[in-house]
Structure formats: structure tokens, C-alpha cells
Amino acid sequence: FSAEATDSGSVAARIGPSGAGNSGDRAKVTATGPGGIDVDAILESSVTSSPDLGSYSLLASGGNTDAKAVNDASVTAEIGGWSVLEATSGDVDVLSKFTGFATAEAASTSVALGVAVDFADADAIFSPNVDLTVGSKTEITAGSGSEINLKAVQNHDGTKFLTTSDGKGAIGNAKKLSIAALGSGSDTTVEVSSVADLTVLVATD
């Protein structure tokens, strides 16, 4: 028996064109209040695969459970080329933020009636993409004493990074339940992979 859970969804926030833009048709945002300009793309993604079949004796050669959890979600915040962002009395904040996990737990079942081998496998793949892009020829200005903040964040709560001890990232385990196998024995395999990407790209012209 195999159970697979996957999140490949996306969240995006953008001001201005998705391409290069041009000087004759500039996107312009002006904020006069103290709140300034705030562009946020935020995604929380939870992916869990944990099959639990209880007891069965349907297979001739062994009782197997395989769990696979894949978190391949993406978050993008973009200020397009030739855009103009002006906050006369506040900050300009652009944020691309992802928080999440991929958890796979393979639990073996009770195997009876001469079934020889019991396997429990888990595969957790954590590969989100977090991007923040500011296009070329873009003008961003903040009010006197205010700030321009460009942030791309992955599994961070503003104070510290969130790890597997916080239930974030790639988590895998295989736990045996009742085994009544007659023969060569049992086996478990746990594979955990984290290949997340985080990119901040600001054009210099």
C-alpha cells in the first residue's frame, strides 16, 4: 500500500509588469500615509503522509506500507521593471515568506497467515522555492527616516529559524506496529531530503 501527499501550489504578489516593462508605461504606486507601502506574498504549507491500515493479510509475499510527502510549493514577491514605488511618510516593505513542512510516516501493519516479510518505508521531500525580485529601472523611495525592506524568508518566525524540532522542514520516520511475520524478517527505510531554494534578486540598473 502506498500513500502520497504533494503540495505544488504557489502564491505570488506583484506590482508592475511581469516582464521588463518600459519607460512609456510605468506602474506607479504612491502612499502618503504613515503605513507606507507593503507588498506581501505569504504561504503556509503542511504536507503529511501517514498511512495506517491496522491489520491485514491480503498479500502473499509480505505486508508493505509506503508513505511519501512532497512539499514543492512556491512563493514569489515581485516589483516589475520600470515601476515606481514612493512612500512619502512611511516604509516600503516587500516580503516573500514561506513556512511549512513535509512529514512522511510509514507504519507497518499486523501481518498474519504465513506472510513472510513486513516493510515500512517513508520518504519526505522538502523543496519549496521562495523568491523576491526587483526589476531593472525600478525606483523605490521611502519617507525621511523611513526604511526600504526587501525580505525573503523561509521557516523563520522573525526571531529564529524553525527546524524539525519545531515541526518544520523535512521529517520522516517509520515505526513498527504489530508484526507476526513468519520467515525472513522485517525492514524499514526512511529517506529525508531538503533542497529548498531562497532567492533575492535586485537589478542594479
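This is a predicted model: local features need pLDDT of at least 70, side-chain atom pairs count only at pLDDT 80 or more; totals for chains, interfaces and linings use all residues.
Local features require pLDDT of at least 70 and side-chain atom pairs pLDDT 80 or more, whereas totals for chains, interfaces and linings use all residues. Residues are numbered from 1 along each chain as its sequence is written, and side-chain values use heavy atoms, without hydrogens and water.

The protein chain contains 0 helices and 15 strands. Both are DSSP runs numbered from the N terminus (helices: H or I, at least four residues; strands: E, at least two). Of its 205 residues, 37% count as buried, where buried means under 20% relative accessible area, exposed over 50%, and partly exposed in between (1.4 Å probe, protein chains only). Areas follow the Shrake-Rupley method with a 1.4 Å probe; for residues, only the protein chains shown count as cover. Contacts (heavy atoms within 4.5 Å) were also computed. Among those between residues at least 6 apart in sequence, 84% join residues at least 24 apart.

An open sheet has 3 strands in the order E3-E7-E11, paired in parallel. Pairing requires at least two DSSP bridges between two strands. Strands E3 (28-31) and E11 (139-141) form the edges, each pairing on one side only. The twist averages 5° from one strand to the next. Axes are lines fitted to C-alpha atoms, for helices over the stretch in contact, and angles run from 0 to 180 degrees between N-to-C directions. E3 is joined to strand E7 (residues 84-87) by 4 bridges. Lys28 has Val84 as its bridge partner in E7.

Ile148, Leu150, Leu198, Val200 and Val202 make a nonpolar surface patch of about 370 Å². Patch residues have over 30% relative accessible area and no salt bridge; like charges are joined within 9 Å, nonpolar side chains (Val, Leu, Ile, Met, Phe, Trp, Tyr) within 5 Å. A salt bridge places a side-chain nitrogen of Lys or Arg within 4 Å of a carboxyl oxygen of Asp or Glu. Strands E12 (148-154) and E15 (197-202) each supply at least two patch residues. E15 gives the most, with 3 residues. Ile148 lies in strand E12. Its relative accessible area is 41%, so Ile148 is partly exposed.

Thr103 belongs to strand E8 (residues 92-107). Thr103 counts as buried because its relative accessibility is 16%. Beyond residues up to four places away in sequence, Thr103 touches Val47, Thr48, Ser49, Ala69 and Ile171. Thr103 and Thr48 are 55 residues apart in sequence, yet their C-alpha atoms are 4.7 Å apart.
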